[in-house]
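Biologist: I am new to reading protein models, and I would like to learn how to look at one step by step. Could you take me through a few features?

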Amino acid sequence: MRKDPVVLDVRQLQVSFTTSEGCVRALAGVSFQVGKGEVFAIAGESGAGKSVVCRSIVNRLEPSASVAGEIWFDNQPILDLGKSALRRLYAREIAVLPQHTTALNPLMSIGEHLSETLRAHFPKMKKKTLRDRSIHLLETFGLKEAGRVYRAYPYQLSGGMQQRVLIALAYCCDPVLVVADEPTKALDPVLKETLLETLLEIKASRRVSMVLVTHDLTVAHRLADHVGILYHGRFLEKGGSRQVLEQSAHPYTAMLIHAMPENGLAPDLDENIEATQGEPHDGCPFQPRCQRGKDDAPHPYAARKIDANHTVWCTHAGSQ
């Protein structure tokens, strides 16, 4: 049973896009909840639909997107909110942690980045208060000589310092939920470890919920309370991070674990089968790549409870 109140409740989210080649389905009924102070990680290969989940939550889908299902934040549905209500909601209560430091405007100082973000949500805040709060934020998130950093431009900072500035921007308005789309992607090992340590410190000191998208299961294991393994727009396994990543029940999850660098980058799958989605269907999307079931009749996409905190969508779950 969940002890903490639910902050985010995504219910049967479906997203498709109209392209020159027809309708492309990106998500086919994704559901999950994030409790107060919890981190929910969405993991999987490129093209699984992970970033589409993030863009749906923060209302940044392309105009060609068709959306069905529900997204509830703090007990209110947000998919149909008007523009003014959305402006009040995003960054003040739902913030985004960008993937790249290129999100920083090279023509603006760090102080201008922080002051403009704060001013947008606290328009009556005086200039000195904006400056003092901005410097305090930089100090809070581990930036030494915060006064100098406040006056600096992004190019004058190291990559690690720029990452901390992005974190300060995401958390500056004390959001309830942070949406982080591949925050460790393309970072070298030192920067990645620094970012992970910072996020772990934030998790321990603040009860801010997070949706974390990642292709890196090490990141999910270290940061997340719960994990959903996404494949071609559907969850194949979902539950507590330890259950999913240490006691995986789905062959795809096992494949991802085997493909981690520390396990030799050796995925357990038939390399002669392409990882393309093909035509949308209602059966198991992983079956064409599955060693256990590829020669069987089509498998249904049906949930099976391993325990109260662990669900798998596989008819062969637990078999050898």
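Biologist: Which strands does helix 1 lie across, and at about what angle does it run to strand 1?

Modeller: Please keep in mind that this is a predicted model. Helix 1, residues 50-57, lies across strand 1 (6-19), strand 2 and strand 4, and its direction is at about 110° to that of strand 1.

Biologist: How many strands does the open sheet have, and what is their order?

Modeller: Strands of a sheet pair through backbone hydrogen bonds, either parallel or antiparallel. Here the open sheet has four strands in the order 2-1-4-5, and the pairing is antiparallel. Strand 2 (22-35) and strand 5 (76-77) stand at the edges with a single partner strand each, so one side of each has no neighbour in the sheet.

Biologist: Is Ser 109 buried or exposed?

Modeller: A residue counts as buried when its relative accessible area is under 20%, and Ser 109 is therefore buried, at 9%. Ser 109 sits in the loop between strand 6 (94-97) and helix 3 (110-121), and, leaving aside neighbours within four places in sequence, its contacts are Tyr 150, Arg 151, Ala 152 and Tyr 153.

Biologist: And is Ala 303 buried or exposed?

Modeller: Ala 303 is exposed, with a relative accessible area of 53%, and its place is in the loop between helix 10 (251-258) and strand 11 (304-307). Beyond neighbours within four places in sequence, Ala 303 is in contact with Thr 311, Val 312 and Trp 313.

Methods
Residues are numbered from 1 along each chain as its sequence is written. This is a predicted model: local features need pLDDT of at least 70, side-chain atom pairs count only at pLDDT 80 or more; totals for chains, interfaces and linings use all residues. Side-chain values use heavy atoms; hydrogens and water are left out. Helices (H or I, at least four residues) and strands (E, at least two) are DSSP runs, numbered from the N terminus. Buried means under 20% relative accessible area, exposed over 50%, partly exposed in between (1.4 Å probe, protein chains only). Contact means heavy atoms within 4.5 Å. Two strands pair if DSSP finds at least two bridges between them. Axes are lines fitted to C-alpha atoms, for helices over the stretch in contact, and angles run from 0 to 180 degrees between N-to-C directions.
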